[in-house]
Each structure stands twice: as structure tokens, then as C-alpha cells.
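Colleague: Please put the model up, and then take some questions on it.

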Amino acid sequence: MDMLSLQRLFEAHLTVRDLQRSMTFFGQVLGLELAEFFPDRKVAFYWVGKRGDSMLGLWEVGTGPQSMHPYCF
């Protein structure tokens, strides 16, 4: 069987307990550029690399598009 090779990943999402604290880490500590922030939905999106290359979404627990919970596998 041939193996698939992942070449690029445009978007990934993480569930976080504290969005503001996570935004400080990813923005100020790691230096990622904020792409979009929706405070009412408790979600933030960051560019990884240059704009348009890859994006990281941070969703506060319980606000994600698929009822994400902190103890899911």
C-alpha cells in the first residue's frame, strides 16, 4: 500500500480553556499575527507564517463549531 504524504496544512484548530491567556501566548510570546478575533463567539484566528499560508483557530471550551469538550478523545 502506498503511503500518503502530507504536503501542506492550511488550517488547524485548538480548544483552549482561557482564550485571553491563549491569545497572549500565541500573539505576544510566539509572535503570531492575529487574523480575526470574534469576542462574542470566543474565537481567535492567527496566521502561521506569512498571511495566507496557514491559519490556527483558538476556540474557548464549549464555543467551537462541534460542541468540543475538554475531556474528549
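What follows is a set of questions and answers on this model.

Modeller: This is a predicted model, in which local features need pLDDT of at least 70 and side-chain atom pairs count only at pLDDT 80 or more, while totals for chains, interfaces and linings use all residues. Residues are numbered from 1 along each chain as its sequence is written, and side-chain values use heavy atoms, with hydrogens and water left out.

Colleague: In what order do the elements of the protein run from the N terminus on?

Modeller: Helices (H or I, at least four residues) and strands (E, at least two) are DSSP runs, numbered from the N terminus. From the N terminus on, the order is β-α-β-β-β.

Colleague: What is the order of the strands in the open sheet?

Modeller: Two strands pair if DSSP finds at least two bridges between them. The sheet is open, has four strands and shows mixed pairing. Its edge strands, each pairing on one side only, are β1 (11-16) and β2. The order is β1-β4-β3-β2.

Colleague: Which residue is the bridge partner of A12 in β4?

Modeller: Strands β1 and β4 pair in the parallel sense, over six bridges. Within this pairing, the partner of A12 in β4 is L56.

Colleague: How many salt bridges does the structure hold?

Modeller: A salt bridge is a side-chain nitrogen of Lys or Arg within 4 Å of a carboxyl oxygen of Asp or Glu. R51 and E33 form one, at 2.5 Å from N to O. K42 and E60 form another, at 3.4 Å from N to O. The number held by the structure is two.

Colleague: How many residues apart are K42 and E60?

Modeller: The side chains of K42 and E60 meet in a salt bridge. This pair links distant parts of the chain, with K42 in the loop between β2 and β3 and E60 in strand β4. Their separation is 18 residues.

Colleague: Is E60 buried or exposed?

Modeller: Buried means under 20% relative accessible area, exposed over 50%, and partly exposed in between (1.4 Å probe, protein chains only). K42 has a relative accessible area of 39%, so K42 is partly exposed. E60 has 17% relative accessibility and therefore counts as buried.

Colleague: What is the phi of K42?

Modeller: Most residues other than glycine have a negative phi. K42 is not a glycine, yet its phi is positive. The value is near 55°.

Colleague: What is the area of the nonpolar surface patch made by F25, V29 and L30?

Modeller: Patches are made of residues with over 30% relative accessible area and no salt bridge; like charges are joined within 9 Å, nonpolar side chains (Val, Leu, Ile, Met, Phe, Trp, Tyr) within 5 Å. L30 sits in the loop between α1 (19-29) and β2 (33-38), and at 46% relative accessibility L30 is partly exposed. Accessible areas come from the Shrake-Rupley method with a 1.4 Å probe, and for residues only the protein chains shown count as cover. The patch made by F25, V29 and L30 has an area of about 290 Å².
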